[in-house]
Amino acid sequence: MIFLNDSYMKEFQAPIKIVDGDKVVTADSCFYAQSGGQPGDKGIIEINGKKFNVINTIKHELGIAHVCDQPLEITSGEVLGTIDWNHRFRLMRMHTTMHLLCAALPFFVTGGSIGLEKSRIDFDLGEETFEYKTLNTIINEFIQQAHPISYQWITNEELDQQPELVRTLSVKPPRTSNKIRLVKIGTIDLQPCGGTHVANTKEIEEFKFIKYESKGKMNKRIQFTLS
Ligand SMILES: [Zn+2]
């Protein structure tokens, strides 16, 4: 998928695979399909000179479905898609911040949800405790250290040999093609992930801790936002 190889690509062109009511499906897209707690992309698609608003993007058995705000009469043609970049870039900054929280808290992740206004991540701390107020200092230091984000691909077998790389208990990395993407944030975080990330932690700018809540033994929830 394009978004796995280049999260900064804002436009794409591809033929229609199928139109299903309000969904325009293409085999590939630079639009991110909702997954792993990250919302799908919004934007505009143009087909045969007509523009349609994309209000969400989801996975489809034939590729990526761009969900429009109205049903389409069109059945074939070339799709020119443009991402709502402000929406996507803020989600990329939020998503990358989730990795920084994983670097700060060396515990299993039991849940998470990324939003435009605020995001949350749950950890299983077991018997451990954590001084959550220190997160503002820790995460903003990570951001200022300007860690570059890079990618590596490994096989299922290679991942099985390094089970410590998997931080999430609820979302397992997709294993459909025997190729798993590892996301590396400088020297501080390395884990399989199919989401979209900024190229450097500096792009996150400023982390703001909102609150901590205990949602049960295995779910210690951190809410945060960005400036
Ligand atoms: Zn990620």
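Mentor: What follows takes the sheet strand by strand, then the helix on it. This is a predicted model, where local features need pLDDT of at least 70, side-chain atom pairs count only at pLDDT 80 or more, and totals for chains, interfaces and linings use all residues. Residues are numbered from 1 along each chain as its sequence is written.

Trainee: What makes β8 and β9 a pair?

Mentor: Two strands pair if DSSP finds at least two bridges between them, and strands are DSSP runs of E with at least two residues, numbered from the N terminus. β8 and β9 have five bridges, so they qualify as a pair, in the antiparallel sense. Serine 113 stands opposite arginine 120 in β9. The two strands form a hairpin with five residues between them.

Trainee: Why are β8 and β13 said to stand at the edges?

Mentor: The open sheet has the order β8-β9-β14-β13. β8 (108-113) and β13 (207-214) each have a single partner strand, so one side of each is left without a neighbour in the sheet.

Trainee: Which helix packs on the sheet, and what does it touch?

Mentor: Helix α2 (residues 85-104) touches β8, β9, β13 and β14. Contact means C-beta atoms, placed from the backbone, within 7 Å. A helix is a DSSP run of H or I with at least four residues. The direction of α2 makes about 135 degrees with that of β14. Such angles run from 0 to 180 degrees between N-to-C directions, with axes fitted to C-alpha atoms, for helices over the stretch in contact.

How values were computed:
Two residues are in contact if their C-beta atoms, placed from the backbone, lie within 7 Å.
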